[in-house]
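Let's take a quick tour of a protein model, one topic at a time. Have the sequence and the 3D view ready.

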Amino acid sequence: MEKCEKRKDNRGRVLRVGEGQRPDLTYQFRWSEGGKRRTLYARTLEELRQKEDEVARQRLMGRLYTGGNATVGQLVEHHMLLRQNIRERTRRSYQNSIAHLRRDELWNKKAKEVTVSDCKLYLTRLQQGGLGYDSIRNDHAFLSSVFKNAVEDGTAGWNPFSFRLSFLQKTAKKSREALTEEQQEALLAFLPTDTCCRRYYDLFVLLLETGLRASECAGLMIEDIHLHARYLEVDHQVYYSLEQGEMILAPPKTEKSYRKIPLTDRAVESLKRRISAARKNKACAAIGGKKYFLFPCLNGSRPLHVTDFDRIFAMVLGRYRIKSGGPAIEKLTPHILRHTFCSNLVRQGLDVKSVQYLMGHASAGVTLDVYSHINYTDIKEKMLDIAS
């Protein structure tokens, strides 16, 4: 059988499958995609192969050369391929948005055919299905980012999600009231008197006196505490990673979360006890090369994580309701104690930017939300102080 000779150009170079040289000595590359023939042209073989490599790279990453026929779902998948280094919590938020979209007809609609009305109707369907306003706002921001980047890449002609959400009715947020001064003192007075709750007294003191997030508190180590200068430093957090299946040491929630928090006398006393206990704890496994955590779980083998906080706070609240004669507390969570710390600062007259810094809020707007929970008595006292 006669051997088939390889195709070559006029300089004797072997041509790959799909490559060809035209009569005018320029080059072309042809391939099929989506049932259609595609062609690239170039003056030299080197230039042609650079273009071939680019096509291969883009197809690998999910960018489809389909003449503008990519679906919304394909744009989303391409968008996620380009975002491999995002934080785990951000990725989970994106995955929630994608899960909402997969269940809707918009997922399979061609991106070039999507109108603003289609997008608004989609978000309206989410709200009618029971999704909260904040979750819908996250979905809107995510899809707007998807289309914005698709426009920059040339896989979409425009961004149909570039509109405000004023057409949606905002759902009333569940009230997250801060503890009153009476409730705070009653709670802290109760904890040392109860055999099950007393071991968590220092935890509650620190959350009330510093406003730390639960993951920031869980990550506190001896080296983060500066007792002589009377401040603690927040430059990391610890939480359980669903992706990695273990506790991890990670950067704080946002850039603004890096901060130093002054310590009150009560916080200093609690931290002294926790530092002493941490130095004696031989059971805690190292996380991210760090070991001396101030708030370990019951057996001391690891720092607290979210399920521990849920269990501790539910237990303390239940026993407080049964055994304490103090004012009733409707709900108790680490975030309510954080909110209480913030409200206390506002009541004491600290300016918004300072409160924002101590809370580690990304913007002053988040901090200003606290003012909506200051009651009439606080406002009356402030006005009388100003008038006098």
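**A covered helix**

In helix α2, the residues V72, G73, L75, V76, H78, H79 and M80 are buried, where buried means under 20% relative accessible area with a 1.4 Å probe, protein chains only. This is a predicted model, so local features need pLDDT of at least 70, side-chain atom pairs count only at pLDDT 80 or more, and totals for chains, interfaces and linings use all residues. Residues are numbered from 1 along each chain as its sequence is written, and side-chain values use heavy atoms, with hydrogens and water left out.

- Helix α2 spans residues 72-81 and is mostly covered, with seven of its ten residues buried.
- Helices (H or I, at least four residues) and strands (E, at least two) are DSSP runs, numbered from the N terminus.

- Helix α7 (residues 201-210) packs against helix α10 (residues 306-323) at about 100°, and their axes, lines fitted to C-alpha atoms over the stretch in contact, are 12 Å apart.
- That makes α7 roughly perpendicular to α10, a label for angles of 65 to 115 degrees.
- On the α7 side, L203, F204 and L207 meet F309, I312, F313 and V316 of α10, with contact meaning heavy atoms within 4.5 Å.

**Strands side by side**

- Strands β4 (residues 225-226) and β5 (residues 231-234) run antiparallel, joined by two bridges; pairing takes at least two bridges found by DSSP.
- Opposite I225 you'll find L232 in β5.
- Four bridges also join β5 to antiparallel strand β8 (residues 259-262), where K260 is the bridge partner of E233.

Conventions
Buried means under 20% relative accessible area, exposed over 50%, partly exposed in between (1.4 Å probe, protein chains only). Axes are lines fitted to C-alpha atoms, for helices over the stretch in contact, and angles run from 0 to 180 degrees between N-to-C directions. Angles under 35 degrees count as roughly parallel, over 145 as roughly antiparallel, 65 to 115 as roughly perpendicular and the rest as oblique.
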